Amino acid sequence: MGWLRPSHRPSLRQRVVGPWAAAALLAAAAQAHAAPDASFRTSAEQRPADLVVLRRWSTIGGEHLIGVHDVKPDPRDPTARTIVLWLESPTGVQLAVDTLRCSPEAPMRLTLKGDSLEIRELNPGGPVTAANRLDHQIWWAACHPAQAGKDPGQLTAVARQLGYTGKLREQQQLVPRHPR
């Protein structure tokens with residue numbers, strides 16, 4: 001405290017505001033560390049009742065989760081569905097809406113990625129790898145909700161019963177959302 005000289009006398013303003021400001025800062029700090037009020041809810045408490053968890057993993061930062069909910073048929077196309085993706089991380093929740101085509105002739109998942117549309121043509125009943133597993137999990141949850149949450153690699157017989165050949169070519173395209 002070399003800046004404070006013994007002959008220094010704080011002004012009336014410094015004497016009144018100084019202690020009050022310190023007390024206010026202490027009170028604010030104590031309130032920040034107090035238990036959260038009833039209006040605060042964790043991501044887990046906010047999860048929708050119909051959420052189907054597809055993937056869950058932990059990192060040093062906390063738990064991450066990918067799930068889907070709120071499957072709805074598309075009124076313009078009887079083979080299409082929309083589904084809400086629930087992407088939970090330690091910092092919060094992000095939501096995205098995907099559209100899926102469920103027809104045996106052209107099953108696919110459409111996802112918005114920034115200014116592009118990602119189109120993934122799928123092969124239900126075909127090989128499931130680490131690269132396409134999430135796409136298949138989301139597709140099964142949207143198109144055949146009774147199979148939601150099951151391992152898509154184990155649904156080959158179900159796919160055949162539903163009319164999927166398991167011999168379609170899987171591919172991915174990224175197209176501009178607003179072509180010129």
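**Sheet, disulfide and salt bridges in a predicted model**

Arg47 has a relative accessibility of 22% and therefore counts as partly exposed, where buried denotes under 20% relative accessible area, exposed over 50% and partly exposed the range in between, with a 1.4 Å probe and protein chains only. The structure is a predicted model, in which local features need pLDDT of at least 70 and side-chain atom pairs count only at pLDDT 80 or more, whereas totals for chains, interfaces and linings use all residues. Residues are numbered from 1 along each chain as its sequence is written, and side-chain values use heavy atoms, with hydrogens and water left out.

Arg47 forms a salt bridge with Glu63, the closest N and O atoms being 3.5 Å apart, the term being applied to a side-chain nitrogen of Lys or Arg within 4 Å of a carboxyl oxygen of Asp or Glu. Glu63 lies in strand β2 (residues 62-74) and Arg47 in the loop between α2 (43-46) and β1, so this pair ties together parts that are 16 residues apart in sequence; helices (H or I, at least four residues) and strands (E, at least two) are DSSP runs, numbered from the N terminus. Glu63, partly exposed at 32% relative accessibility, also forms a salt bridge with Arg56, again with the closest N and O atoms 3.5 Å apart. In total, the structure holds eleven salt bridges.

Seven strands form an open sheet in the order β1-β2-β3-β4-β5-β6-β7, with antiparallel pairing, two strands being taken as paired if DSSP finds at least two bridges between them. The edge strands, each pairing on one side only, are β1 (52-59) and β7 (171-176). Within this sheet, β4 and β5 pair in the antiparallel sense over three bridges, and Arg101 stands opposite Met108 in β5.

One disulfide is counted, defined as a pair of cysteine sulfur atoms within 2.5 Å; Cys102 and Cys143 form this link, with their sulfur atoms 2.0 Å apart. The pair links distant parts of the chain, 41 residues apart, since Cys102 is placed in the loop between β4 (92-101) and β5 (108-113) and Cys143 in helix α3 (residues 133-143). The link of Cys102 and Cys143 is left-handed, with -80 degrees about the S-S bond. Cys102 is buried at 8% relative accessibility, and Cys143 is likewise buried, at 7%.

His144 lies in the loop between α3 and α4 (156-161). Apart from its neighbours within four places in sequence, His144 is in contact (heavy atoms within 4.5 Å) with Trp139, Leu162 and Tyr164.
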